[in-house]
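Here's a quick briefing to read alongside the sequence and coordinates. Take a look at the structure first, then work through the notes by topic.

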Amino acid sequence: MKALKTLLIASLTLFTLAAQAQTIMIRGATVHTMGKAGTLENTDVFITAGKIQKVGQNLPVPQDVLVFNADGKPLTPGFFAGITAIGITEVSAVQGTNDSSLGLQEMRPEFNVTLAYNPNTSLIPVTRMEGFTFTLLGAGSKGSLFGGQGRMVEFNGGYSSFIGSTVLFINVGQDASSLSGSSRAGQWMLLNQAMLEADKLPAAGETRLLTRAGRSTLSGYVKHPMKTIFNVDRASDILQVLRFAKSHGLSPVISGGAEAWMVAKELADANVPVVLNPLANLPGNFDTLGSRLDNAALLDAAGVTIAFSGAGSHNARKQRQMAGNAVSYGLPHEAGIAALTSNPAHIFGSAIDQGTIRRGKSANLVLWSGDPLEVTSVAERVIINGKLIPMESRQTKLRDRYLPQNPAMPRAYIKP
Amino acid sequence: MRLKSILSLLPLLFSLPAGTALAEAYPSTYSPQPSTATLITHATILTGTGERLDDASLLMADGKITFVGKGDVPQDVTTIDASGKWVTPGLIDVHSHLGVYASPGVKAHSDGNEMTNPATPNVWAEHSIWPQDPGFSRALAGGITSLQVLPGSGNLIGGRGVTLKNVYGNTYQSMKFPGAPYGMKMACGENPKRVYGDRKQMPSTRMGNMATYRAQWIAAQRYIDDWTAYDKQVANRKTNSGDDAKAEPKAPKRDLKLETLAGVLKGEILVHMHCYRADEMMTILDMADEFGYKVTAFHHGVEAYKIADKLAENNVCGALWADWWGFKMEAYDGIQENIAIVDRPEGSCAIVHSDSSEGIQRLNQEAAKAMTRGKLAGMDIPPERAIRWLTSNAAKALGIDDMTGSLAAGKMADVVIWNSNPFSVYAQAGQVFIDGALVYDRDNPDFQPVSDFELGQLQGISK
C-alpha cells in the first residue's frame, strides 16, 4: 500500500502542475531544434502563454516559473504519431467506435473524418504521454478509390484542435477496388474521369462518378498546395501517380511507398515526399517485392523528404522504435528525428504549429530520458501548446491498480 | 482433482497404439549444417539462465556447446574475437505463423486457420507450412533459431503446432526440431465466438466456447478409456493363450481429433492457449483441472498482469507482447508493464512472443521495452534476467529446454553474436549459429539465405 500511496501522490502533483503551468523553463537541455539552428547543447527554453519565448544559454529565470533541469537530456519537438485514427476509433473490432472509413460503395471524396473527431478518446492520453503531440487523421472508403479527407490534429484535448489544411486520400495499386473494375488501368481511367468531372460538369444524361459535393471537394485540390495522399507501393504505380498529379495540378504525397527507393530520383526531382513504415521489409504482396529496411535511408540520401507512419492508432507510440530501426539501417540520426517532427509538419502544412523548436512558435516539446529513438528511453515531460500534460492514461491507472501485491480490498477500490 | 491424478498415471500404465503410431508420423529429417569447432572470446555472455559473464568465452564443437565461462580455452580452433559484443542463446519465438501465413500474403497462402469447424485438433500446422516463406530469413537476421508455428485462433481448438529449427529446407520435415513435443493451439474469447456466431453456429458466446471445449475433452476421455479397455483385452488374451476360442479384440476406430486431445490428456502434447482476459484464463485453468490436463502457456494474455501470481502458482507461462492493445475488447486493458509484472512472482515464466512476421525480427527490442517499463514501475530487471523471456522460458514452454534456450555445456550450439547490448533499438544480430553451424552472417552475403520465392525478383533493379 505504501508504494501505491507514493504513486498516487506523484500523479496528483503532476495533475496540479498540468492545470497551472503556463510558464515553464527547461534548463540545460540538448535542444534538437529541427530547424536551421540545428542541435544546441546545454540550452534553455522558456515557455509562456503557450509559446516558445526564448531559446538560449543561461537565460534568466523569472519568479514563479516551473523549472525543469534537463541535465543535458534531449529536448525535441513533439513527435508525429503517423497517419492514424486516433480520435476516430476506440476499439478496432467494435464497429460503433470506428469512424475512419466510409461504408458506402460510392466515390465520395467529400467524406471528411474530422467531423467524427472525439478528443476524449483513451488513445490520446496513452499516445501523448509517450511524446507524441500530433497526428494526421486518415480516411478510407470501402471499395472506393477515394478514401476521403483527413486533417492534422494536436493532442491538446480540444474538440477542434485541427491544424494545417485538409488532405485527400486516394488508394491505388493492388487493392484494385470493386468500384474500379478490378484493374489498375481501370483505377486511372476512373480517376481521370473524376478529375474531368471536377473541372467541368458532365452533360445531362452522361455517366457520373461524383456528387456535386464530390466535384467541389476535388476541384479544391487542383492547383492548390493542399495535399493529395496516394496510398501506393509499387514503383511503376508511383510513377503513374507522379504523371497523374502533374497533369491534373495536384500536390501529391506518397504513403506506403515500399518500392519508393526504386524511383527515388524521380520523387526527389518532383519534390514529392514519402510517408513510409521503415520496418516494412517483407514482400507482403506483389506490390511490395522491393520492401527493404533501408528504404528510408535510400530516400533520404536521394533528397526525398520522408515521414514515418505505420504503427497504427493504438500503438502509435511504436513510431519511435520504427525510427530507431531506420537509423540502425543507415538513416542519419537527425533525419530519423526529422521524419517524426519537422518533416511531417512541413509536408502537411502545419509547420507553424508543430515540428520545430523556435522562438515564437507554439510550444510542443518533449524532454526525453535519453536518445529519443532508443527503446530504453522514455518521455519524461511532454508539453503541448505550452502546457505540461499529465503523464497518465487509462493504462497507467490500470498499472497502478494492479502493481500492489495482496491488497486488503478488491482492486475495484484502488482508484489511482 | 481426483480425476487429474488418476489420469496422470495413465501414460505410465498403458501406451496407446494410436499414440505410438503418431510418434513416428511425419518425422523430422533435420540434420545440422556442417560446422567447425568455433571459439568466441572476450564476449559479454548472457547465458539464458539468469547469468551474465563479462569478458568470457564460449566454445562450440560438434554442434554442441562444450564450454562457457572464463579460463583456459583451446587455441587450435576457429576463433571469433567478440570484444564489445554480446552473446546470447539463439532466440525462440513460441508464437509464429511463418509458413502458414506466408509472405506474400495472398489468398493462396492463407493456410493458418481451418475455420470450418470450431474444434479441429485433427489439423496440423506443419501440413500448411510453405518452407519458402521469406519471413524465415528475416527472423534469422533477428537472431531467431527456433520457433513454434501455430494454427490461428479462429477455432476453439485450432490444431497442432510444430517447433522448427529456423533453417531453410525444401520440406518442413527438414526444419522440424528433432525431439520437440507437439503443441496444441487453443483459443479463448472473441475470435471463435465471432467466427461461428456470425454463421449462427455454436459457439456464439463465451459459455458456448466452454461447453464446446468440455464436450471435446469428454470425448477424448472416452477415447482413452476405449483404448485402455482394448489394450487390457489384448493383454488378457495373451495371458490366457490357451483360450483359442476367445475372439480377437476389436480395436477402437482411430480418430485424428481425439488422438491429439488424448495426447494432451496424457501430457505428451503441450497446450498453447490464446487467451486475453484474466477471468477467462482462470476459467480455463479450472477446466484444465476438471479434465486433468495442463495449460503450458497462455498466449497474448493482455490481462495476464491481473493474475500474475496465479499464473506462477499454476506453473503456467505467459507469452506476451510488450505493448499491443486496443484492437478488440479483450485487448482493451493492455499495459506496457504486463511482461514485467508477470515476471515478478517467484516461479514465474514470462515470455516475449511475436505472432507477427515483423515482431519476430526484433523480439530483443520488445523485451527491451518491457524491461524499461518494468524499471519505471519499480521492477529493476537486468539483461541477464530479461533474456530468459526469449530464450530459456520460451524453450521451457516448447518442452525443449533440455536441448536449447541456454548456453551451457551439452546444449545445442544455438547462439547469437550481437554487435552490442541486444536490449537496444540499434543492436543487430551479427552472426547466428544453429547447432554450431554459421547460418547467418550480417557481414557476409554467402551466409544470408534467400528463399526460392525471392530469388530473381525485380531483375534489372540495382540493389
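In this predicted model, helix α10 of chain B (residues 363–376) lies across β6, β7 and β13 of chain B. The direction of α10(B) is at about 90 degrees to that of β6(B). The notes below start with the sheet under that topic, then move to chain A and the interface.

**The sheet in chain B**
- Eight strands of chain B make an open sheet with mixed pairing, and the order is β6-β7-β8-β9-β10-β11-β12-β13.
- At the edges sit β6 (91–96) and β13 (350–352) of chain B, each with pairing on one side only.
- From one strand to the next, the twist averages 25 degrees.
- β6(B) pairs with β7(B) (residues 144–149) in the parallel sense, with four bridges between them.
- If you want a specific spot to check, B:Asp93 has B:Leu147 in β7(B) as its bridge partner.

**The sheet in chain A**
- Chain A has an open sheet of eight strands too, ordered β6-β8-β10-β11-β12-β13-β14-β15, again with mixed pairing.
- Its edge strands are β6 (79–84) and β15 (306–308) of chain A, and each of them pairs on one side only.
- The twist here averages 25 degrees from one strand to the next.
- β11(A) (residues 162–171) and β12(A) (residues 227–232) run parallel and are joined by four bridges.
- Within that pair, A:Leu168 stands opposite A:Thr228 of β12(A).
- Helix α5 of chain A (residues 235–248) packs on this sheet and touches β12 and β13 (251–256) of chain A.
- The direction of α5(A) makes about 160 degrees with that of β12(A).

**Where the chains meet**
- On the chain A side 49 residues are in contact with 51 residues of chain B.
- The two chains bury about 4,300 Å² between them, with 54% of that on carbon and sulfur atoms.
- There are four salt bridges between chain A and chain B.
- A:Glu130 forms a salt bridge with B:Arg373, and their closest N and O atoms are 2.8 Å apart.
- On the side of chain A that touches chain B, α2 (123–128), α8 (319–328) and α11 (394–402) of chain A each supply at least two residues.
- α8(A) gives the most to that side, with six residues.
- By class, the side of chain A that touches chain B has 21 nonpolar, 17 polar and eleven charged residues.

Note on methods. Residues are numbered from 1 along each chain as its sequence is written. Chains are lettered from A and ligands numbered from 1 in the order in which they are written. This is a predicted model: local features need pLDDT of at least 70, side-chain atom pairs count only at pLDDT 80 or more; totals for chains, interfaces and linings use all residues. Side-chain values use heavy atoms; hydrogens and water are left out. Contact means heavy atoms within 4.5 Å. Buried area is the accessible area (1.4 Å probe) that two parts lose on being put together, summed over both. A salt bridge is a side-chain nitrogen of Lys or Arg within 4 Å of a carboxyl oxygen of Asp or Glu. Ala, Val, Leu, Ile, Met, Phe, Trp, Tyr, Cys and Pro count as nonpolar, Asp, Glu, Lys and Arg as charged, and the others, Gly among them, as polar. Two strands pair if DSSP finds at least two bridges between them. Axes are lines fitted to C-alpha atoms, for helices over the stretch in contact, and angles run from 0 to 180 degrees between N-to-C directions.
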